[in-house]
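Please consult the sequence and the structure while reading.

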Amino acid sequence: MTTSHCFRFLAAFLLLLTLAAAPALMAQEAAPASSTVQDAVQKVADAQRPAAFYYAIAASIGIGCLSAGYAVGKIGAAVMGAAAEKPEIMGKAIAFVGLGEGIALFGFLVALFLYTKM
């Protein structure tokens with residue numbers, strides 16, 4: 001499977017999950033009159049979250065981790081190749097691997113914000 005096929009598959013999968021999760025993400029709740037009613041409404045809303053909501057959370061973490069793994073694999077191989085020729089650039093170049101790991105962190109943050117409905 002070539003890289004372009006992988007990216008097409010990933011884009012189609014992401015579009016499908018976005019369309020499946022859109023109704024759950026666009027749902028609005030009415031503001032209750034008191035805080036005790038608000039707590040009760042929140043408990044009912046948490047119990048009635050649709051499955052698409054959880055698919056969106058799983059997709060944000062899954063796609064973020066897959067992307068981070070791909071980035072770290074490509075960048076790590078390039079860093080090791082460059083360090084074999086010039087060992088003094090290893091410290092500077094390894095920071096770029098950390099930037100690839102940041103993609104997984106962003107996926108986790110999106111999932112956390114979805115779960116808490118921020």
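A residue is called buried when its relative accessible area is under 20%, exposed when it is over 50%, and partly exposed in between (1.4 Å probe, protein chains only). Because Gly64 has a relative accessibility of 7%, Gly64 counts as buried. The model is predicted, so local features need pLDDT of at least 70 and side-chain atom pairs count only at pLDDT 80 or more, while totals for chains, interfaces and linings use all residues. Residues are numbered from 1 along each chain as its sequence is written, and side-chain values use heavy atoms, with hydrogens and water left out.

**Overall architecture**

The protein chain contains four helices and zero strands; helices (H or I, at least four residues) and strands (E, at least two) are DSSP runs, numbered from the N terminus. Along the sequence the pattern is α-α-α-α. Of the 118 residues in the protein chain, 23% are buried. The protein chain exposes about 8,500 Å², and carbon and sulfur atoms supply 72% of this area; accessible areas come from the Shrake-Rupley method with a 1.4 Å probe, and for residues only the protein chains shown count as cover. A contact means heavy atoms within 4.5 Å. Among contacts between residues at least 6 apart in sequence, 73% join residues at least 24 apart.

Helix H3 spans residues 51–85 and includes Ser60. Ser60 is buried, because its relative accessibility is 14%. Its side chain reaches the backbone oxygen of Ile57 at 2.8 Å. Leaving aside residues up to four places away in sequence, Ser60 touches Gly107, Val110 and Ala111.

Gly64 also belongs to helix H3. With residues up to four places away in sequence not counted, Gly64 touches Ala59, Ile103 and Ala104.

| Pair | Separation in sequence | C-alpha to C-alpha distance |
|---|---|---|
| Gly64 and Val110 | 46 residues | 9.4 Å |
| Leu109 and Ile61 | 48 residues | 8.6 Å |

Leu109 is placed in helix H4, and a relative accessible area of 30% makes Leu109 partly exposed. Phe113 is likewise found in helix H4; Phe113 counts as partly exposed because its relative accessibility is 41%.

Which residues form a nonpolar patch on the surface? The patch consists of Ile61, Leu105, Phe108, Leu112 and Phe113, with about 450 Å² of accessible area together. Patches are made of residues with over 30% relative accessible area and no salt bridge; like charges are joined within 9 Å, and nonpolar side chains (Val, Leu, Ile, Met, Phe, Trp, Tyr) within 5 Å. A salt bridge is a side-chain nitrogen of Lys or Arg within 4 Å of a carboxyl oxygen of Asp or Glu. Helix H4 (residues 90–116) gives the most to the nonpolar patch, with four residues.

**The aromatic pair**

Rings of Phe, Tyr and Trp (its six-membered ring) pair if their centres lie within 6.5 Å; planes under 30 degrees apart count as stacked, over 60 as edge-to-face and the rest as tilted. This rule gives a count of one aromatic pair. The ring centres of Phe53 and Tyr54 are 5.6 Å apart and the planes stand at 85°, so the pair is edge-to-face. Phe53 is buried, with a relative accessible area of 3%, whereas Tyr54 is partly exposed at 37% relative accessibility.

Terms used: A polar contact is a pair of N or O atoms within 3.5 Å; within protein, one must be able to donate a hydrogen and the other to accept it, and residues adjacent in sequence count only if both atoms are side-chain atoms.
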